[in-house]
Amino acid sequence: VSFGYEDVAPAEKTRRVGDVFRNVAARYDLMNDAMSGGMHRLWKDRFVRRVKPQKGEQILDMAGGTGDIAFRMERSGAAITVADINAAMLEVGMERAAQRGIDGLVWTEANAETLQFPDRFFDAYTIAFGIRNVTDIPAALREAYRVLKRGGRFFCLEFSTTLWPGFADVYEVYSHRLVPKLGKLLADDEDSYRYLIESIRRFPDMPTFEAMIAEAGFVRTRVEPVLGGLVAIHSGWKI
Ligand code: SAM
């Protein structure tokens with residue numbers, strides 16, 4: 001499997017991704033704002049509008065990190081579990097929750113590829129900017145399918161490939177030249193940001209990823225491109 005520019009063994013990828021998010025955890029929220037010019041907030045708002053969490057629902061926010069998606073869903077009154085493989089990211093999230101006076105979330109360590117939750121437990125599964133870091137993506141999609149109830153819905157927010165040519169050129173320069181420099185300047189960690197950018201470039205394009213979701217068993221799959229596909233919201237249903 002690929003880790004940035006390198007091909008590595010699956011276990012090695014998982015370990016290195018662990019290092020990346022341990023290194024960036026403390027500065028993660030600041031860096032998201034700096035690198036997206038605050039736009040990640042709008043993408044996340046839009047994503048949660050699509051999810052439409054409802055009071056009484058059980059929702060799993062996988063790769064939930066420091067809680068950005070969970071905080072947006074919490075007001076709905078749904079019961080939300082934030083799961084992430086990285087304890088450092090979850091710790092930052094729990095501190096943020098405490099600062100905001102949010103105490104209804106469940107935080108748990110979990111690998112998306114092998115979930116500890118029972119079959120057909122959740123009404124919705126969300127994963128935002130997480131799936132491309134997962135080593136075995138088909139396994140994670142199968143697990144998402146397993147833990148969802150019939151009628152449950154799957155939502156994924158992820159960077160993809162923009163189909164707007166001029167914009168793609170600008171983004172290419174921005175991401176490969178500027179992002180690692182910003183990573184060095186603001187977080188003293190050029191390598192982690194180099195990995196994050198390269199992992200975006202390697203991620204399957206919109207139709208390919210949509211087909212992978214269908215392959216896991218989901219139906220009525222959809223993809224909603226944002227900024228021509230720079231970011232995409234994929235969704236599907238379990239029936
Ligand atoms: N969802 C949050 C957000 O939108 O701000 C966090 C996104 S962050 C870019 C990616 C997260 O994926 C990290 O917290 C990382 O630890 C987590 N992650 C990576 N591989 C994972 C896996 N196999 N299972 C669960 N979480 C994973």
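The questions below go from the sheet to the helices and then to the ligand.

Trainee: Before we start, which pLDDT do local features need here?
Mentor: Residues are numbered from 1 along each chain as its sequence is written. This is a predicted model, where totals for chains, interfaces and linings use all residues, side-chain atom pairs count only at pLDDT 80 or more, and local features need pLDDT of at least 70.

Trainee: Thanks! What is the strand order of the open sheet of 7 strands?
Mentor: Strands are DSSP runs of E with at least two residues, helices are runs of H or I with at least four residues, and both are numbered from the N terminus. Two strands pair if DSSP finds at least two bridges between them. The open sheet has mixed pairing, and its 7 strands have the order β5-β4-β3-β6-β7-β9-β8.

Trainee: Which are the edge strands?
Mentor: Look for strands that pair on one side only. From one strand to the next, the twist averages 15°. The edge strands are β5 (106-109) and β8 (219-226).

Trainee: How many bridges join β7 to β9?
Mentor: Strand β7 covers residues 148-159 and strand β9 covers residues 231-237, and the two run antiparallel. The number of bridges joining β7 to β9 is 7.

Trainee: And in the hairpin of β8 and β9, which residue takes a positive phi?
Mentor: β8 and β9 pair in the antiparallel sense over 6 bridges, and Val219 stands opposite Trp237 in β9. The hairpin has 4 residues between the strands. The residue with a positive phi, near 55°, is Leu227.

Trainee: At what angle does α9 run to β8?
Mentor: Axes are lines fitted to C-alpha atoms, for helices over the stretch in contact, and angles run from 0 to 180 degrees between N-to-C directions. Helix α3 (residues 39-51) lies across β6 (122-128), β7, β8 and β9, at about 165° to β7. Helix α9 lies across β7, β8 and β9, and its angle to β8 is about 155°.

Trainee: Are α6 and α9 parallel or oblique to each other?
Mentor: Helix α6 (residues 137-147) and helix α9 (residues 206-215) pack with axes 9 Å apart, at an angle of about 50°. Angles under 35 degrees count as roughly parallel, over 145 as roughly antiparallel, 65 to 115 as roughly perpendicular and the rest as oblique. The relation of α6 to α9 is therefore oblique.

Trainee: Which residues of α9 does α6 meet?
Mentor: Contact here means that C-beta atoms, placed from the backbone, lie within 7 Å. On the α6 side, the residues are Ile137, Pro138 and Leu141. On the α9 side, they are Met212, Ile213 and Glu215.

Trainee: At roughly what angle do α7 and α8 cross?
Mentor: Helix α7 spans residues 165-187 and helix α8 spans residues 190-202. Their axes come within 7 Å, and the crossing angle is roughly 145°.

Trainee: How many nonpolar residues are in the contact of α2 with α7?
Mentor: The axes of helix α2 (residues 28-36) and α7 come within 11 Å and cross at roughly 140°. The contact is made by Leu30, Met31, Ala34 and Met35 of α2 with Val179, Leu182, Leu186 and Ala187 of α7. Ala, Val, Leu, Ile, Met, Phe, Trp, Tyr, Cys and Pro count as nonpolar, Asp, Glu, Lys and Arg as charged, and the others, Gly among them, as polar. With no polar and no charged residues, the nonpolar count is 8.

Trainee: Finally, which residues come nearest to the ligand?
Mentor: A residue is near a molecule if its C-beta atom, placed from the backbone, lies within 6 Å of it. By class, the shell has 10 nonpolar, 6 polar and 3 charged residues, and α1 (10-24) and α4 (68-74) each supply at least two residues. Of the 19 residues around the ligand, those that come nearest are Ala63, Gly65, Asn86, Ala112 and Ala128.

Notes
Two residues are in contact if their C-beta atoms, placed from the backbone, lie within 7 Å.
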